[in-house]
Amino acid sequence: MGEIGSLFVITDACIACGTCESVCPVGAISAAGDKYEIDDSTCLACGTCVVTCPVEAIEGK
């Protein structure tokens, strides 16, 4: 954790609730169609999105 570059991916289990986007400290998560995606070039790999996702749709790559 803490390395530059996303270690996480948002899976098809995403319900597009926006919780992960709202908690990302660097704004690396955005809507992408019917789910959200993580911008690898911005993500700090802090894991905040992982622990806040209500449906556990964010997992390690």
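## Cavities, core and salt bridges

Lining the largest cavity are 15 residues, and among these C24, I29, C43, C46 and C49 lie nearest its centre. The model is a predicted one, and the volume of this largest cavity comes to about 90 Å³. By class, its lining is made up of 13 nonpolar and 2 polar residues, with no charged residues.

In total the structure holds 2 cavities of 30 Å³ or more.

In soluble globular proteins, nonpolar side chains tend to be buried together. The largest nonpolar core of this model has 15 residues, of which I10, C20, I29, Y36, I38, C49 and I58 touch the most other members. Strands β1 (8-10) and β3 (35-38) each supply at least two residues of this core. I29, which is among the residues nearest the centre of the largest cavity, is in contact with I10, C20, E21, C24, Y36, E37, I38 and C49, once its neighbours within four places in sequence are left aside.

| Salt bridge | Closest N and O atoms |
|---|---|
| K35 with D12 | 3.3 Å |
| D40 with K61 | 2.7 Å |

K35 forms its salt bridge with D12; because K35 lies in strand β3 and D12 in the loop between β1 and α1 (19-23), the pair ties together parts that are 23 residues apart in sequence. K35 counts as partly exposed, at 23% relative accessibility, whereas D12, at 71% relative accessibility, counts as exposed.

The other salt bridge joins D40 with K61; D40 lies in the loop between β3 and α2 (48-52) and K61 in the segment after β4 (58-60), so this pair ties together parts that are 21 residues apart in sequence. D40 has a relative accessibility of 36% and counts as partly exposed, while K61 is exposed, with a relative accessible area of 62%.

Terms used. Residues are numbered from 1 along each chain as its sequence is written. This is a predicted model: local features need pLDDT of at least 70, side-chain atom pairs count only at pLDDT 80 or more; totals for chains, interfaces and linings use all residues. Side-chain values use heavy atoms; hydrogens and water are left out. A nonpolar core is a set of buried Ala, Val, Leu, Ile, Met, Phe, Trp, Tyr and Cys residues joined through side-chain atoms within 4.5 Å. Buried means under 20% relative accessible area, exposed over 50%, partly exposed in between (1.4 Å probe, protein chains only). Helices (H or I, at least four residues) and strands (E, at least two) are DSSP runs, numbered from the N terminus. Contact means heavy atoms within 4.5 Å. A salt bridge is a side-chain nitrogen of Lys or Arg within 4 Å of a carboxyl oxygen of Asp or Glu. On a 1 Å grid over the protein atoms alone, a cavity is a set of points where a 1.4 Å probe fits but cannot get out, and a pocket is an open set with protein on both sides within 12 Å along at least five of seven lines; lining residues have an atom within 4 Å of a point. Grid points are joined across faces, edges and corners, and a volume is the space filled by probe spheres set on the points. Ala, Val, Leu, Ile, Met, Phe, Trp, Tyr, Cys and Pro count as nonpolar, Asp, Glu, Lys and Arg as charged, and the others, Gly among them, as polar.
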